[in-house]
Amino acid sequence: MISSRAEFHRLMEKTINTNLRSMEERGEFADYAVKTNIIESNCSVKDIPKSFGDYSFELKPTQDKFLYVMIIKKGTDKIILYLDTYFKRFWKLYNIEKSLTVNNFISQFTNNLLKVDSLWMPHQMLNDLEKDYINVGFSIKFKQEILEDEELSENDISQLTMRLWSKGSKPTKGLINLLEKNNYPTTKTSTRLLNKKDDEIKFLDEVFFDGKVTVSKGTDIEEHIHFVDDIIDDYSEKMTQIEDNRMYLESSVGGFKSNGYPFEIKFSKSQSIEKVSDKLINSTSPFRLWGVIHDKYDDFLRIAGVDTHTGDKFNMDLMPDHARVYLPKEACGNVIFRLYTNIQHSLDPGVMISDEHGSIF
Amino acid sequence: MSTEASFDHLDVINSVLSLAFNLESYPNHLYKAGYHISRIEPQFNVNGTLNPEYQKISTRNLVEKGIDIPKEEMEFDVGIFGKENIESLKDRLAEKGIKYPQVVIDEFIQKRYGDDFKDPVLRELFSEPVKINSKPLLIIKFVEDSPFKKIAPFIFNTLMARSVSRRTTFTSRELTEESLGEIWDHLDKDLQKSLNGKIRKFLKHCKSHELKDYLSNREDAWTIEINEHWKSRKKFSDDCNHLMRNLSQKILFDFGFEEENELE
């Protein structure tokens with residue numbers, strides 16, 4: 001069991017080096033890959049219940065006050081995760097466990113607990129990460145979840161799933177260009193990035209839209225950690241921008257002053273407001289929104305809603321070509337990431353979202 | 001989209017405010033011309049009556065600020081009116097020699113009467129009718145004289161927010177405060193009291209009608225219980241929608257329409 005951050009880094013570095021050698025010698029990993037899940041948190045470690053869903057866990061402190069060892073138990077199975085809470089709002093959960101087992105845990109961890117969520121990176125954010133690295137692959141996943149088959153036109157796509165791995169970035173760029181040219185969805189759900197310095201591979205990481213980062217290859221764990229911190233910085237910057245737009249009235253001489261700005265969503269094609277609202281506010285995953293409809297007309301409806309993931313309220317106006325979302329003071333901005341990213345994945349890959357200053361992503 | 005059916009005082013305020021936001025889904029004339037909102041006066045006080053019908057407005061009120069009426073005459077850059085109001089007031093304004101640019105906001109927005117704008121940007125922006133395709137922004141949600149139908153959605157989502165965050169017991173005053181948001185602390189005590197009374201009556205109505213399976217109370221200590229399963233939450237929203245549809249005038253009378261009028 002590790003007891004300090006230095007020991008923890010040594011453990012991860014040893015794993016990636018062993019895996020690299022094993023891949024070169026035997027063509028397979030010796031151990032499970034090092035993975036990091038970024039978790040969006042609005043609570044302290046003490047607020048996490050010791051059991052939830054099918055899981056129970058123990059949290060063991062280390063010499064580093066921000067680093068904990070999480071021993072997760074489900075029946076007789078046990079896995080170990082390493083929780084780094086250095087960034088108060090964005091925790092890092094490292095592990096060297098079987099991917100499926102960790103995915104199942106993370107899913108329950110982020111779904112069952114109020115105030116804890118995964119990241120929801122729209123494809124533009126994944127694209128932005130590619131600028132500093134060699135892009136050697138991606139996954140695309142689009143599934144029309146709102147409109148029925150009979151409501152789609154001849155040119156509409158109901159589902160597209162694609163995964164490309166390449167040695168260099170040329171095939172990756174070529175395929176994206178081809179998809180864009182032919183109006184196919186390019187909603188990336190992951191991107192594979194190669195970090196090479198002086199011909200040496202520092203890491204080959206795959207970043208998923210939900211904040212999971214897997215080390216496929218690597219020699220330097222600090223580079224991976226630094227990369228994860230960069231993702232957190234980008235997400236955090238967008239979060240600040242979003243939360244600065246929270247709307248509220250405050251008292252001013254002789255009346256009130258209005259603060260904040262609504263988010264305006266622009267669909268790439270006209271939508272049925274009834275069908276969209278039915279899907280958005282039925283309280284189910286992935287949107288996880290609840291609402292009542294009021295002020296309804298032929299081509300306009302207004303929703304007084306609640307983010308069932310946090311208990312925060314929101315308001316929304318829905319029109320065939322646009323939607324407006326109003327976040328109240330103190331509401332968690334992750335609902336905007338979740339809403340926008342899932343509209344991309346399940347309704348409209350070409351959807352845009354803006355605030356006063358233009359496009360957010 | 002026609003907004004005539006429900007275009008009330010609050011809609012006019014929200015419409016004018018919306019013009020100062022940079023939106024594609026609503027005209028942004030004032031934003032484009034470089035204006036921003038510095039103060040909102042939701043209560044337009046004319047001779048002691050708040051937000052009166054336009055017939056009660058004297059011409060003097062249209063050249064003076066609603067709240068802190070100054071002695072000297074004020075010069076307005078623009079007056080923005082709902083369609084019916086402008087048609088009723090334009091002749092009276094003209095007779096009194098009041099010439100500020102008068103803009104109508106309805107299915108279209110356009111300068112209709114009065115002098116030209118001094119600001120060439122505003123002159124250009126308001127010269128042609130621009131179609132309004134949606135309702136204005138929701139900036140002020142409701143005021144004390146809003147009908148229950150306008151208030152109800154914000155009570156319902158406050159109940160759900162409490163259920164989700166497991167703050168299931170509350171007083172009617174706490175619920176009123178949360179439904180109103182941050183402006184609650186800035187309302188005078190009498191207004192807080194009357195709003196609280198209105199919401200308490202509404203809660204009683206909800207409890208004895210469509211929300212009877214979710215709400216319970218002992219005096220003014222209320223409890224909301226909604227199962228966490230998505231189907232239960234969906235059923236709650238269906239029941240809320242059902243309740244709103246049934247908020248007919250008769251029912252309003254049954255549970256406090258008279259008190260509602262007293263607030264005006």
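## Conventions and overall content

Helices (H or I, at least four residues) and strands (E, at least two) are taken as DSSP runs and numbered from the N terminus. The model is predicted, so that local features need pLDDT of at least 70 and side-chain atom pairs count only at pLDDT 80 or more, whereas totals for chains, interfaces and linings use all residues. Residues are numbered from 1 along each chain as its sequence is written, chains are lettered from A and ligands numbered from 1 in the order in which they are written, and side-chain values use heavy atoms, with hydrogens and water left out.

Chain B contains 10 helices and 9 strands. Of its 264 residues, 48% are buried, where buried means under 20% relative accessible area, exposed means over 50%, and partly exposed lies in between (1.4 Å probe, protein chains only). With a contact defined as heavy atoms within 4.5 Å, 56% of the contacts in chain B between residues at least 6 apart in sequence join residues at least 24 apart.

## Helix packing in chain B

Helix α5 (residues 148-164) of chain B packs against helix α8 (residues 230-245) of chain B at an angle of about 160°, and their axes are 10 Å apart. Axes here are lines fitted to C-alpha atoms, for helices over the stretch in contact, and angles run from 0 to 180 degrees between N-to-C directions. Angles under 35 degrees count as roughly parallel, over 145 as roughly antiparallel, 65 to 115 as roughly perpendicular and the rest as oblique; α5(B) and α8(B) are therefore roughly antiparallel to each other. Lys149(B), Ala152(B), Pro153(B), Phe156(B), Leu159(B), Met160(B) and Val164(B) are the residues of α5(B) that meet Arg233(B), Phe236(B), Cys240(B), Leu243(B), Met244(B) and Arg245(B) of α8(B). This contact of α5(B) with α8(B) divides into 10 nonpolar, no polar and 3 charged residues, on a scheme in which Ala, Val, Leu, Ile, Met, Phe, Trp, Tyr, Cys and Pro count as nonpolar, Asp, Glu, Lys and Arg as charged, and the others, Gly among them, as polar.

Elsewhere in chain B, the axes of helix α6 (residues 172-180) and helix α7 (residues 189-208) come within 9 Å and cross at roughly 105°, so α6(B) and α7(B) are roughly perpendicular to each other. On the α6(B) side, Ser172(B), Arg173(B), Leu175(B), Thr176(B) and Leu180(B) meet Gln192(B), Leu195(B), Asn196(B), Ile199(B), Arg200(B) and Leu203(B) of α7(B). By class, the contact of α6(B) with α7(B) has 5 nonpolar, 4 polar and 2 charged residues.

His9(A), Met12(A), Glu13(A) and Ile16(A) in α1(A) meet Ile221(A), Glu222(A) and Ile225(A) in α5(A). The contact of α1(A) with α5(A) comprises 4 nonpolar, 1 polar and 2 charged residues.

Ser139(A) lies in strand β8 (residues 134-143) of chain A and is buried, with a relative accessible area of 9%. Leaving out residues up to four places away in sequence, Ser139(A) touches Met162(A), Arg163(A), Thr187(A), Lys188(A), Thr189(A), Ser190(A) and Glu206(A). Ser139(A) and Glu206(A) are 67 residues apart in sequence, yet 9.8 Å apart in space, C-alpha to C-alpha.

## Cysteines

Over all chains the structure holds 0 disulfides, a disulfide being a pair of cysteine sulfur atoms within 2.5 Å. Cys332(A) is in no disulfide, and the nearest cysteine sulfur, that of Cys43(A), is 11 Å away; at 5% relative accessibility, Cys332(A) counts as buried. In chain B, the sulfur of Cys206(B) is 7.5 Å from the closest cysteine sulfur, in Cys240(B), which is too far for a bond, and Cys206(B) is buried, with a relative accessible area of 0%.

## Backbone features in loops

Most residues other than glycine have a negative phi, and most peptide bonds are trans. A cis peptide bond, with omega about 0°, joins Ser285(A) and Pro286(A), and Pro286(A) is found in the loop between α6 (273-280) and β16 (289-297) of chain A. Arg288(A) is also found in the loop between α6 and β16 of chain A; its phi is near 60°, a positive value in a residue other than glycine, and at 13% relative accessibility Arg288(A) counts as buried.

In chain B, Glu219(B) has a phi near 55°, a positive value in a residue other than glycine. Glu219(B) is found in the loop between β8 (215-218) and β9 (221-224) of chain B, and Glu219(B) is exposed, with a relative accessible area of 71%.
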